[in-house]
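Biologist: I have the model open next to the sequence. Can we go through it together, starting with a single residue?

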Amino acid sequence: MTSATARATPVGSAADIDAALAGLDALETATEPRPPLALRIWSVTWPKLGAIIIFLLLWQVVVWSGWKPSYVLPGPGEALSDLGRRVTTGDFWSAAARTLQRAVAGYALAILIGGIVGVAVARFALLRSAVGSFITALQTMPSIVWFPLAILLFKLTESAILFVVVLGAAPSIANGVISGIDYVPPLLTRLGRTMGARGLQLYRLVVAPAALPSVVAGLKQGWAFAWRSLMAGELLVVVPGHPSIGSDLEDSRQLLDTVGVLAMMMTIFVIGVLVDAAFNAGDRRMRARRGLLPPRSH
């Protein structure tokens, strides 16, 4: 074929080129089919089950060692049996519902306050100079020290518990927001402005998605502080007529019911594990959408 003929011969139609490019894209993004749902659930569950079994075995070994009498430190079998009995009663679920209601209300309010404060501090240099270190100082304060003030302000009421939960969680959430905004690459914000994003739109379309990983980390840490503050509050502030997991734990302690104490501690632990699993699932989904997870082997 002569050079003239080669120049005259078309390389291919637009449809052929698009098909070829699509094939190359498919090679780049080809992934292994997702395993069945049951297998995915098991792959996430078995490490936690293994850790729990190891913990229970270690607990039983300590009991067998005779370090403490069995009425002071009962074995896991007794605690699990008592927990199984409790979960069949309406009182247990009423107490659990009350505790979770407090946790959700306090955490939601902490997200609102922490988010607003975090954005304001990250946005305005004067606020950062004035209250930036103040937020970190609040985060380092043990939640237990707020209860004397909370009781003086609100007496033995739901508001006293909510006050401490919010103070325990909001600083962590605010710091997560501040850190996330601080680490947004300036190139992204310049690109957003170049494309016409300004003010709230810039934050919504550019800054917020870029800061999301740090914000999620702050939310997770904020939940941990909120849960710890709530448990301390329910032990110290017993609201008449409002049973809760913490008040049941305190009642068991006052009755010298070690089995009951351990059963309620296991309840608190299980709730913490379930919430952590929910945060981890959300974090994994976010990383998968951003292409930050290693590809599955073929």
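**Working through the model**

Modeller: Start with L202, which sits in helix α10 (residues 199-236). Helices here are DSSP runs of H or I with at least four residues, strands are runs of E with at least two, and both are numbered from the N terminus. This is a predicted model, where local features need pLDDT of at least 70, side-chain atom pairs count only at pLDDT 80 or more, and totals for chains, interfaces and linings use all residues. Residues are numbered from 1 along each chain as its sequence is written, and side-chain values use heavy atoms, with hydrogens and water left out.

Biologist: Is L202 buried or exposed?

Modeller: L202 counts as buried because its relative accessibility is 6%. Buried means under 20% relative accessible area, exposed means over 50%, and partly exposed is in between, with a 1.4 Å probe and protein chains only.

Biologist: What is L202 in contact with, leaving aside its neighbours within four places in sequence?

Modeller: T189, G192, R193, A197 and V207. Contact means heavy atoms within 4.5 Å. As for L188, 14 residues from L202 along the chain, the two C-alpha atoms are separated by 10.0 Å.

Biologist: Step back a bit. How many helices and strands does the protein chain have?

Modeller: There are 12 helices and 0 strands. Of the 298 residues in the protein chain, 32% are buried. Among contacts with a separation of 6 or more, 72% are between residues 24 or more positions apart.

Biologist: Now helix packing. At what angle do α5 and α8 cross?

Modeller: Helix α5 (residues 90-123) and helix α8 (residues 158-182) cross at roughly 40 degrees, and their axes come within 6 Å. That angle makes α5 oblique to α8. Under 35 degrees would be roughly parallel, over 145 roughly antiparallel, 65 to 115 roughly perpendicular, and the rest is oblique. Axes are lines fitted to C-alpha atoms, for helices over the stretch in contact, and angles run from 0 to 180 degrees between N-to-C directions.

Biologist: Which residue classes make up the contact of α5 with α8?

Modeller: It has 21 nonpolar, 4 polar and 3 charged residues. Ala, Val, Leu, Ile, Met, Phe, Trp, Tyr, Cys and Pro count as nonpolar, Asp, Glu, Lys and Arg as charged, and the others, Gly among them, as polar.

Biologist: How does α5 pack with α11?

Modeller: The angle between α5 and helix α11 (residues 245-254) is about 125 degrees, with the axes 7 Å apart. These two helices are therefore oblique to each other. A95, A96 and T99 of α5 meet I245, G246 and D248 of α11.

Biologist: What about S252, buried or exposed?

Modeller: S252 is in helix α11 and counts as buried, at 4% relative accessibility. Apart from neighbours within four places in sequence, S252 is in contact with R86, D257, G260 and V261.
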